[in-house]
Amino acid sequence: DNSSEFLKKYRICRQQVRECSGEGDHHEGMSSDDELTLTEVTEFQKSKDNVLEDSRKIFEDVHADFCDIRKILLKFQEWKEKFPDTYCDAYISFCLPKLLNPLIRFQLINWNPLENSMELEEMPWFRAIEEFSDAKNVSEPK
């Protein structure tokens, strides 16, 4: 059953976090996650599945060039190289976090640091931003 498997994984992750943080005074069966009923876990999983299903529709009517962080940053990099004055006048460095926020949040909807082994620094959107930042620093005079 998916919900009991989810609960089992959740408890294992919580136990690993406690062990790593040095919480040695934990008593098995006294944790609040042990109080979750099968119905609550099932409802949570159903709700999570609904959110994930709805999230797939968010960018379905958006052109691919405008829902891919790497492609968006490439357009800004081209703008900076071709028209540095207008790029600077538009305060792009202040606008990019607000522009990329919804795209990054969309990428993180299903990410759970307790379950997923992928670190933030390994995610494609993070690397794209990091490459853009490095390119920006290289092209600017010191």
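Predicted model: local features only at pLDDT ≥ 70, side-chain atom pairs only at ≥ 80, totals over all residues.

Trainee: Fine. How many residues does H5 have, and how far does it reach?

Mentor: H5 has 16 residues. From its first C-alpha to its last it reaches 22 Å, close to the 22 Å expected at 1.5 Å a residue.

Trainee: Where does H5 bend?

Mentor: At Asn101, by about 40°. A proline, Pro102, follows within four residues.

Trainee: Which residues of H5 are buried?

Mentor: Ile92, Leu96, Leu100, Leu103 and Ile104.

Trainee: OK, on to the core. Which residues touch the most other members of the largest nonpolar core?

Mentor: That core has 14 residues. Ile69, Leu73, Phe76, Leu96, Leu100 and Phe132 touch the most other members.

Trainee: And which elements give two or more residues to this core?

Mentor: H3, H5 and helix H6, which runs 124-139. H5 gives the most, with 5 residues.

Trainee: Take Leu96. What is it in contact with, leaving aside neighbours within four places in sequence?

Mentor: Leu73, Phe76 and Phe132. Leu96 is also one of the buried residues of H5.

Trainee: Switching to rings. How many aromatic pairs are there?

Mentor: The count comes to 5. Among them is Phe59 with Phe106, an edge-to-face pair. The centres are 5.0 Å apart, with 85° between the planes.

Trainee: Where do Phe59 and Phe106 lie?

Mentor: Phe59 lies in the loop between helix H2 (38-55) and helix H3 (69-82). Phe106 is in helix H5, residues 92-107. So the pair ties together parts that are 47 residues apart in sequence.

Trainee: What about Trp79 and Tyr87, how do they pair?

Mentor: Edge-to-face, at 5.6 Å centre to centre and 85° between the planes. Trp79 is partly exposed at 28%, whereas Tyr87 is buried at 8%. Phe76, Trp79 and Tyr87 form one aromatic cluster. You met Phe76 already, among the core residues that touch the most other members.

Trainee: Now charges. How many salt bridges are there in the whole structure?

Mentor: A search finds 3. Side chains of opposite charge can pair when their charged atoms come close.

Trainee: What does Arg56 form a salt bridge with?

Mentor: Glu53, with the closest N and O atoms 2.9 Å apart. Arg56 is exposed at 55% relative accessibility. Glu53 counts as partly exposed at 41%.

Trainee: And Lys71, what does it bridge to?

Mentor: Asp65, with the closest N and O atoms 4.0 Å apart. Lys71 is partly exposed at 35%, and Asp65 is partly exposed at 25%.

Definitions and conventions. Residues numbered from 1 in each chain as written. Heavy atoms only, no water. Phe/Tyr/Trp six-rings, centres within 6.5 Å; stacked < 30°, edge-to-face > 60°. Buried < 20%, exposed > 50% of the residue type's maximum accessible area, 1.4 Å probe, protein only. Core = buried A, V, L, I, M, F, W, Y, C linked by side-chain atoms within 4.5 Å. Contact = heavy atoms within 4.5 Å. Salt bridge = Lys/Arg side-chain N within 4 Å of Asp/Glu carboxyl O. Expected span 1.5 Å × (residues − 1). Bend = angle between axes of the 7 residues up to and from the residue.
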